[in-house]
Amino acid sequence: MDTKEFRRRGKEMIDAIADYHDSIRSRPPLPSVEPGYLRKLLPQSAPTQPERWDDVFKDIERAIMPGVTHWQHPQFYAYYPVGFSYPSLLGEMLSQAIACVGFSWIASPACTELESIVMDWLAKAMQLPKHFLTSNESGEMQRGGGVIHGTASEAVLVALLAARMKTVRRIQEKDPCLSAPAIIGKLVAYGSEHVHSCFQKAGLVAGVKTRTLPTDDEFSLRGESLKRAFEEDVAAGLIPCFVCATLGTTSFCSFDNLTEIGPICEANNAWLHIDAAYAGSALVCPELRHYGKGIEFADSFNFNAHKWLLTHFECSCTWVKERDAFITALSSPDTTPAFLKHAASKKGAIDYMNWELPQGRRFRSLKLWFVLRLYGISGIQNHIRTHIKLAKKVESYVLDDSRFQIFVKRRLGLVCFQLKGGQKLNGELVAALNASGKIHLVSTEVKGKVVLRLVPCSPQTEERDVDFAWQLISQTAEKMLWR
């Protein structure tokens, strides 16, 4: 494909993408294919000779689309949102066109510098603590800063590795005879019983014990629970090292109590990481910033702009109070080859390869830059407020229907509810709704109770969509209750 054909085919693909989103309501949000469907539609081996673009293009609709779960469908209410907008898509296109690998400043100065700038923009828009800024108003470098990771899972692991290194060094300063492996074997990381599973995965990778703690009636980790766990583990000869607090858990969008947890972490030299993957976006709205009360205690804070901030996947925004903690844990002068060293490092240039696990990295900041400029903070606020308004309407439907009950207080855009009549009935209700091909949602489980989750996800979701969804839920429930 030469430049001339690329111009032609690229315009065709732009039209196809626009048509896909304009007509997405005509597709079922959840595919009905069985595992292995695609192998039956594609050859067993790659073609020996080049194929025609027209043939490839036809296979998109013939083979790929039947197996796509349409996350941008207005009737997609499962999990949490995944970001999409046309400005972000244009940023992705430009990033892939430039095709740089921005592991260091010199590898692509604009890639590095735009990232630090947009991360500062976002921190200011969310009113995060100033120690998270890369530079101050005079342009001078600060001790902290922001980096765009691939996912919140990566951020949790990076923060845990930094906490592990910081704790090992602190203890070795007191007792140089203790080896790093001996210390690491005693470290413990903590999260609530509703912490994301990436927390346990991070512990496995880092070789650090993990412990999940009971929560209160609103599924929030409280200071008393954490303090008790610290005391128990210290008495057993273990070392509290890391706490992963969650703002907006996956199951219930519950919030751990940072104002109670933070001082306990400080008093015990434990790193506090905040995982706000979904809920963090809400901090751009002044009326929602109370959800972030206590963030000032955090050593690191992360949220996924690729969830609720209209930005495509792999845009997980992480801020750290002391950037050296990341750099020390993830790099060493002895392990940096000569071909990666450059003179600008001595002038304070950032090499983001030392702030994350992968060395290679894409020009992720372009899409976020486009979104921030073309929507403005006000446009992003309107998007978040619209989803919350839609969730409130669903909540009102549940409260007005005596057959249903709210399971836990609605927070932000997530409504958790149940059909009265037992757990089996709720499981069957979710299955029936998804089998209808008209809406898609998922359930969660806690202490044997099946709970339905409904969260507006698509930028296209409107009041008529949630009205339709509730009508379908109501009608399906009625059939089940009278069968």
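**Close-up views of a predicted model**

View 1. P459 sits in the loop that links β11 (449–454) to α14 (463–482). Apart from neighbours within four places in sequence, its contacts are Q72, F84, L310, H383 and H387. E356 lies 103 residues from P459 in sequence, and the C-alpha atoms of the two are 31 Å apart.

View 2. Is H440 buried or exposed? H440 has a relative accessible area of 5% and is buried, because the limit for that class is under 20%. The residue belongs to the loop between α13 (423–435) and β10 (442–446). With residues up to four places away in sequence left out, H440 touches P29, L30, T69, Q75, F76, Y77, A78, Y79 and N434. Between the C-alpha atoms of H440 and P129 there are 38 Å, and the two residues are 311 positions apart along the chain.

**View 3. The largest nonpolar core.** This core has 74 residues, and those touching the most other members are F301, F303, W319, L368 and L412. Helix α12 (residues 365–400) is the greatest contributor to the core, with 8 residues. A second core of 32 residues is separate and includes L157, F199, C244 and A325. In soluble globular proteins, nonpolar side chains tend to be buried together.

**View 4. Contacts of F301.** Which residues does F301 touch, not counting those up to four places away in sequence? They are M126, L128, F132, L247, H273, I274, A276, L283, I295, C317, T318 and W319. F301 and W319 are both among the residues of the largest nonpolar core with the most contacts to other members.

**View 5. The whole chain, for orientation.** The protein chain contains 14 helices and 11 strands. Its radius of gyration is 24 Å, close to the 23 Å given by the globule rule for 483 residues, so the chain is as compact as a globular protein of that length. Along the principal axes, the C-alpha atoms fill a box of roughly 70 × 65 × 45 Å. Of the 483 residues, 50% count as buried. Among contacts with a separation of 6 or more, 73% are between residues 24 or more positions apart. The accessible surface is about 22,800 Å², with 55% of it belonging to carbon and sulfur atoms. The chain has 57 positive and 52 negative charges, whose mean positions are 1 Å apart.

Conventions:
Residues are numbered from 1 along each chain as its sequence is written. This is a predicted model: local features need pLDDT of at least 70, side-chain atom pairs count only at pLDDT 80 or more; totals for chains, interfaces and linings use all residues. Side-chain values use heavy atoms; hydrogens and water are left out. A nonpolar core is a set of buried Ala, Val, Leu, Ile, Met, Phe, Trp, Tyr and Cys residues joined through side-chain atoms within 4.5 Å. Buried means under 20% relative accessible area, exposed over 50%, partly exposed in between (1.4 Å probe, protein chains only). Helices (H or I, at least four residues) and strands (E, at least two) are DSSP runs, numbered from the N terminus. Contact means heavy atoms within 4.5 Å. The radius of gyration is taken over C-alpha atoms; the globule rule is 2.2 Å times the number of residues to the power 0.38. Accessible areas come from the Shrake-Rupley method with a 1.4 Å probe; for residues, only the protein chains shown count as cover. Lys and Arg count as positive and Asp and Glu as negative; His and the chain ends are not counted. The place of a charge is taken as NZ of Lys, CZ of Arg, CG of Asp or CD of Glu.
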